[in-house]
Amino acid sequence: MPLFDHLGELRMRLVRIVACLAVAVVIFYLASETLVRFLIWPISDILQMNTDGQGLLTTLDPFEGFSVRFKVSLWASVVACAPVILWQILAFFLPALKPSERKWFIPTFAAAVGLFIFGTVFCYLIILNPAFQWLVDQSAGFAIAQARASTFVDMIVKFEIGFGFAFELPLIVFYLVIFDVVPYKKLRGSWRTVYVALMVISAMVTPDASPVTMLLMFAAMVALYEGSLLISRIVLAKRIKKQNEELEREEAEERGA
């Protein structure tokens with residue numbers, strides 16, 4: 001298509017994304033109190049409790065409650081609309097793909113959504129409690145850690161989003177192999193370098209300075225990396241065999257030269 005047609009299609013898809021987010025924000029804002037209670041449930045044992053046994057956060061100014069509700073509504077909308085957002089982005093690039101590459105469109109879409117959800121659930125059930133427990137314990141003996149609503153909710157959301165994107169690693173590894181960007185043999189043989197890179201990524205993605213959180217994310221990413229290599233080896237056995245033959249031929253040519 002001409003350039004302006006591409007720009008028109010891009011604008012149309014962006015409008016759909018914005019409209020979907022706007023409607024979702026309004027809906028989720030009406031249920032924001034329930035969403036906040038859901039978010040803080042994993043760390044409720046380190047919070048003050050009300051008479052109903054529910055954890056309570058602290059607001060320090062009149063506008064903090066509104067900002068927390070809006071932020072939670074916005075991020076909940078991003079997560080809920082993630083399938084629509086990803087679909088619109090992938091659909092925009094779909095015409096540029098070859099017929100042999102388009103068959104991966106639906107599996108890629110489903111895998112990206114599934115991995116993101118898996119990452120957020122893993123963070124919610126496994127990571128949040130030990131991470132916040134360690135952080136709060138650092139104040140013991142000289143200060144009282146106040147559970148400020150804006151700070152706690154902001155960190156929880158960052159944890160969830162960070163782990164959601166970090167768990168896209170298997171998809172990245174799979175496509176590095178399938179498109180011959182990095183052969184399987186090099187990924188398998190360079191595991192030390194990859195592990196160091198994953199450690200650095202874990203330190204960058206986690207929103208706190210807690211070694212507990214970083215090590216938990218690092219362990220999860222290593223497991224995902226090894227799992228993705230195993231799946232790639234099973235699903236792409238013929239392609240990997242061809243890659244290995246080409247690498248061996250190149251190495252033989254280099255030795256002969």
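This is a predicted model: local features need pLDDT of at least 70, side-chain atom pairs count only at pLDDT 80 or more; totals for chains, interfaces and linings use all residues.
Visitor: Is Phe-109 buried or exposed?
Guide: Phe-109 sits in helix 6, residues 105-137; helices (H or I, at least four residues) are DSSP runs, numbered from the N terminus. Buried means under 20% relative accessible area, exposed over 50%, and partly exposed in between, with a 1.4 Å probe and protein chains only. Phe-109 has 17% relative accessibility, so this residue counts as buried.

Visitor: Which residues does Phe-109 touch, not counting those up to four places away in sequence?
Guide: A contact means heavy atoms within 4.5 Å. Pro-83 is 26 residues from Phe-109 in sequence, with 7.9 Å between their C-alpha atoms. With that sequence limit, Phe-109 touches Pro-83, Leu-86, Trp-87 and Leu-90.

Visitor: How many aromatic pairs does the structure hold?
Guide: Rings of Phe, Tyr and Trp (its six-membered ring) pair if their centres lie within 6.5 Å; planes under 30 degrees apart count as stacked, over 60 as edge-to-face and the rest as tilted. The number of aromatic pairs in the structure is 14.

Visitor: What kind of pair do Phe-116 and Phe-165 form?
Guide: Phe-116 is in helix 6 and Phe-165 in helix 7 (residues 149-166), 49 residues apart, and their pair links distant parts of the chain. Phe-116 is buried at 11% relative accessible area, whereas Phe-165 is exposed at 58%. Their ring centres are 5.4 Å apart and their planes stand at 75 degrees, so the pair is edge-to-face.

Visitor: What is the angle between the planes of Tyr-195 and Phe-218?
Guide: Tyr-195 lies in helix 10 (residues 191-205) and Phe-218 in helix 11 (residues 211-235), so their pair ties together parts 23 residues apart in sequence. Phe-218 counts as buried at 17% relative accessibility. The pair is edge-to-face, with 6.4 Å centre to centre and a plane angle of 90 degrees.

Visitor: How many disulfides does the structure hold?
Guide: A disulfide is a pair of cysteine sulfur atoms within 2.5 Å. Cys-81 is buried at 4% relative accessible area, and Cys-123 counts as buried at 0%. The number of disulfides in the structure is zero.

How values were computed:
Residues are numbered from 1 along each chain as its sequence is written. Side-chain values use heavy atoms; hydrogens and water are left out. Helices (H or I, at least four residues) and strands (E, at least two) are DSSP runs, numbered from the N terminus.
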